[in-house]
Amino acid sequence: ANNLKNPDTIEVGQTLSVPQAEVKPLPQEAEVQPAGNVIESGEYTVQKGDTLWSIAVRAYQDGYLWPRISEASGLKNPNLIEVGIKLTLPR
């Protein structure tokens, strides 16, 4: 909507157009309940099939909190997590 050359960089005072967003339905119960073992510690080692969403559901019972894990773990690209890396789970 703003034709940004680099969407990762915006300037202070820059005016941005915010398009009308579609209202998303709430996740189904199966998507918000922990799938697998609940994670109680402050650190987690990524297993095959994990996503930040699924880890956040197991750690916080809220998948929308995945950015906390990404930021605390210093992930450069939260879309790419590798098996075996250790993530920090802020408590």
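## Overall layout

Helices (H or I, at least four residues) and strands (E, at least two) are DSSP runs, numbered from the N terminus. By that rule, the protein chain has 3 helices and 2 strands. Their order from the N terminus is α-β-α-α-β.

This is a predicted model: local features need pLDDT of at least 70, side-chain atom pairs count only at pLDDT 80 or more, and totals for chains, interfaces and linings use all residues. Residues are numbered from 1 along each chain as its sequence is written, and side-chain values use heavy atoms, with hydrogens and water left out.

## Surface and contacts

The protein chain has an accessible surface of about 7,200 Å². Carbon and sulfur atoms hold 51% of that surface. Accessible areas come from the Shrake-Rupley method with a 1.4 Å probe; for residues, only the protein chains shown count as cover.

Of the 91 residues in the protein chain, 20% are buried. Buried means under 20% relative accessible area, exposed over 50%, and partly exposed in between (1.4 Å probe, protein chains only). Contact means heavy atoms within 4.5 Å. Among contacts in the protein chain with a separation of 6 or more, 47% join residues 24 or more positions apart.

## The nonpolar core

A nonpolar core is a set of buried Ala, Val, Leu, Ile, Met, Phe, Trp, Tyr and Cys residues joined through side-chain atoms within 4.5 Å. The largest one here has 13 residues. I55, I69, L87 and L89 have the most contacts inside it. Helix α2 (residues 52-60) gives the most to this core, with 5 residues.

Take L87. Leaving aside neighbours within four places in sequence, L87 is in contact with residues including Y44, V46, L52, I55, I69 and L75.

S70 lies in helix α3 (residues 66-73). Its relative accessibility is 8%, so S70 counts as buried. Not counting residues up to four places away in sequence, S70 touches L52, L75 and P78.

## Aromatic rings

The structure holds 1 aromatic pair. The rings are those of W53 and Y64; their centres lie 4.8 Å apart and their planes stand at 80°, so the pair is edge-to-face. Rings of Phe, Tyr and Trp (its six-membered ring) pair if their centres lie within 6.5 Å; planes under 30 degrees apart count as stacked, over 60 as edge-to-face and the rest as tilted. W53 is in helix α2, and Y64 is in the loop between α2 and α3, 11 residues apart. With 29% relative accessibility, W53 counts as partly exposed.

The charged end of R68 sits over the ring of Y60, 5.9 Å from its centre. The cut-offs are NZ of Lys or CZ of Arg within 6 Å of the ring centre and within 35 degrees of the ring normal.
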